[in-house]
Amino acid sequence: MSLPDPVASRAVLIGVTSYAHLDPLPSVANNLVGVRQLLTGPESWNLAAPEHCVSLLDPTSSVEVLDAVSKAAEEATDALLVYFAGHGLVSGQGSLHLGLPNTHLERLWDSVDYDQLRPLVHECRARRSVVVLDCCYGGTAMRGHMGQELSLADLTSIEGTYLLTASAATRTAMAPEDEHYTAFTAELLRAAVEGVPDEPEILDMGTVFTHVRRELIAKGRPVPQQWARDLGQHIALVRNRWSPAPGPEAEAYASALRAAVERAGADAARLPGDTAVVGRWLRGERAAPKKFVDSLPAHGVVLAESDLSRLHSLRRAAQRTAPDLADQLLYWQEEVELLRQELGRAADYSLTVGTELAEEQEQIRRLKTEVKVLREQVECLMSEEPARAAVAVEIAVGAARTAEARATRAGNPEAVTAEGAPAPAPAPPSGCGLGALAAVFVLGVLYVAVVWLFSLGSVSLTYDSGRKPASAGRVTSVVNAPEGPRYVWDVADSVESTFRPDGDDATDRLLGDLTVTVPRGCESRHIGWQVSVDGRRIGHGSLSGGLEHEVKIDRALSGTAGKVALEAWWDGGSGSCKSFGVVWNDPRLSKSFDFLAW
């Protein structure tokens with residue numbers, strides 16, 4: 001619901017104070033002044049242009065009144081309001097007449113017949129129209145409308161026509177002589193100026209009527225009546241100026257807002273939104289919404305990231321504890337959105353963990369295959385041991401016989417073996433064969449050497465100081481190499497953690513994979529990161545433009561490291577994001593090897 005467009009809306013205010021044949025009503029002149037101040041003010045219709053809000057005090061003829069209403073009805077395309085304060089009279093036929101200065105009880109032709117005024121209002125071009133009658137027998141104006149059934153169009157229309165009268169069809173209105181306004185208009189203006197407790201930020205005609213009716217009944221005064229067509233009771237009249245006493249959360253939020261505006265040297269009148277509404281936010285009468293805070297940088301109020309986060313934190317506390325249900329609803333809507341984002345991050349993390357688990361399972365499968373192959377090779381070697389022993393015996397016996405034969409021939413050159421020839425050479429071994437055994441043995445030695453080479457001089461980093469990370473399991477960078485840790489942080493503003501080597505081996509290189517994730521909707525935000533060794537920065541950068549970023553850290557060091565520090569922080573960009581995630585996979589120190597030198 002919004003207030004009417006001041007450019008496309010019109011109002012005609014009619015008041016009669018002096019009567020030649022009826023009692024005077026001096027307070028009516030004050031009525032016109034008060035109603036005009038209401039409709040021309042920024043809290044209501046804001047009809048600041050004089051021709052948009054016309055006042056007729058003591059008009060002399062019905063033609064003057066009807067011409068003014070007709071002109072306003074032709075010009076208004078958004079909203080039209082007609083207000084009359086004076087004597088109301090009922091003709092013999094039961095129709096309502098609005099009394100003019102020369103109106104006589106017996107001669108009603110010198111008055112405004114409401115049946116002539118009504119079609120000008122109800123059939124005008126404006127999308128919504130309001131008639132307010134502060135006169136006796138005002139309820140007579142409703143005749144011909146009561147008891148009509150509403151069509152489907154009536155039920156679904158947003159705005160229409162609204163009639164508000166100070167009394168019923170058979171009652172007189174009240175204009176106390178010792179009061180500034182008439183009884184009805186006084187309560188109407190009081191509701192507009194002071195507001196209505198526990199009602200929305202914008203008061204419609206129906207809400208104002210309910211409040212005015214309750215107040216008049218409590219004071220024993222004539223009871224007003226209303227009639228609406230096309231849900232005309234929802235036509236907006238004025239901003240609700242009632243505000244509960246601000247709680248400590250609202251005061252802290254408003255104080256922080258004012259301080260931010262003053263530090264920036266910004267003009268409160270140039271801040272986004274209606275000036276009156278912004279004033280209420282800065283006074284703590286209502287909690288400024290998230291959209292307003294996010295738009296401050298575009299209007300000259302440049303805030304540091306920490307200040308912006310603090311403002312949003314104070315805003316959420318003020319909205320959560322606000323007495324106004326609309327502010328509380330904004331808080332819970334944001335809570336639901338934050339929870340949805342958390343669930344999205346949890347789903348993404350679950351998917352990542354599932355992928356990593358599948359990779360780990362595949363690695364285990366490969367390891368099992370390697371173990372199986374090694375077991376088969378060992379069994380093959382063990383099955384050949386007896387055959388190799390028999391071959392060794394045969395070789396030894398053959399060698400002994402050959403030596404004996406040579407010795408015999410040395411003493412007796414003609415001596416020969418019983419068979420007449422040297423003993424035959426033994427047959428080569430069967431099975432996998434010595435060549436296969438040698439190949440398997442060499443491959444095994446090379447495999448163990450490679451694994452040992454990759455693990456030699458590798459030292460994991462363990463937490464030392466700063467913000468302690470969560471541990472999300474361990475990773476393996478090289479097959480069969482020692483496992484390294486995985487450190488995880490959920491960062492609201494910034495994080496700094498320091499690590500130390502988990503050993504004293506000589507190392508000259510820092511390794512590890514850094515993964516940074518941001519919530520959906522925060523892709524444009526920038527995240528800065530930095531890695532330092534013993535106080536000297538060896539790597540840094542800024543990440544943006546995606547939901548996940550991978551940084552491979554591989555930095556040469558001048559010597560063995562003592563302390564390694566990791567830092568990450570929000571580094572600019574637009575949008576309010578609760579946190580981002582950082583994962584450091586297998587951070588370790590290693591020793592470089594020069595294979596060419598070998």
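**View A. Cys124, a buried cysteine in a predicted model.** Cys124 has a relative accessible area of 15%, so Cys124 counts as buried. Buried means under 20% relative accessible area, exposed over 50% and partly exposed in between (1.4 Å probe, protein chains only). Cys53 is also buried, because its relative accessibility is 1%. The model is predicted: local features need pLDDT of at least 70, side-chain atom pairs count only at pLDDT 80 or more, and totals for chains, interfaces and linings use all residues. Residues are numbered from 1 along each chain as its sequence is written, and side-chain values use heavy atoms, with hydrogens and water left out.

**View B. Helix α6, residues 205–218.** Helices (H or I, at least four residues) and strands (E, at least two) are DSSP runs, numbered from the N terminus. Helix α6 has 14 residues. From first C-alpha to last, α6 reaches 20 Å, close to the 20 Å expected at 1.5 Å a residue. That expected span is 1.5 Å times one less than the number of residues. Buried residues of α6 include Met205, Phe209, Val212 and Leu216. Among the elements that cover the buried residues are α5 (183–194), β9 (202–204) and β10 (225–229). Just after α6, Gly220 takes a positive phi of about 70 degrees.

**View C. The disulfide of Cys522 and Cys577.** A disulfide is a pair of cysteine sulfur atoms within 2.5 Å. Here the sulfur atoms are 1.9 Å apart. The pair links distant parts of the chain, 55 residues apart. Cys522 lies in the loop between β16 (509–517) and β17 (527–533). Cys577 lies in the loop between β20 (564–570) and β21 (580–590). Both cysteines are buried.

Notes
Contact = heavy atoms within 4.5 Å.
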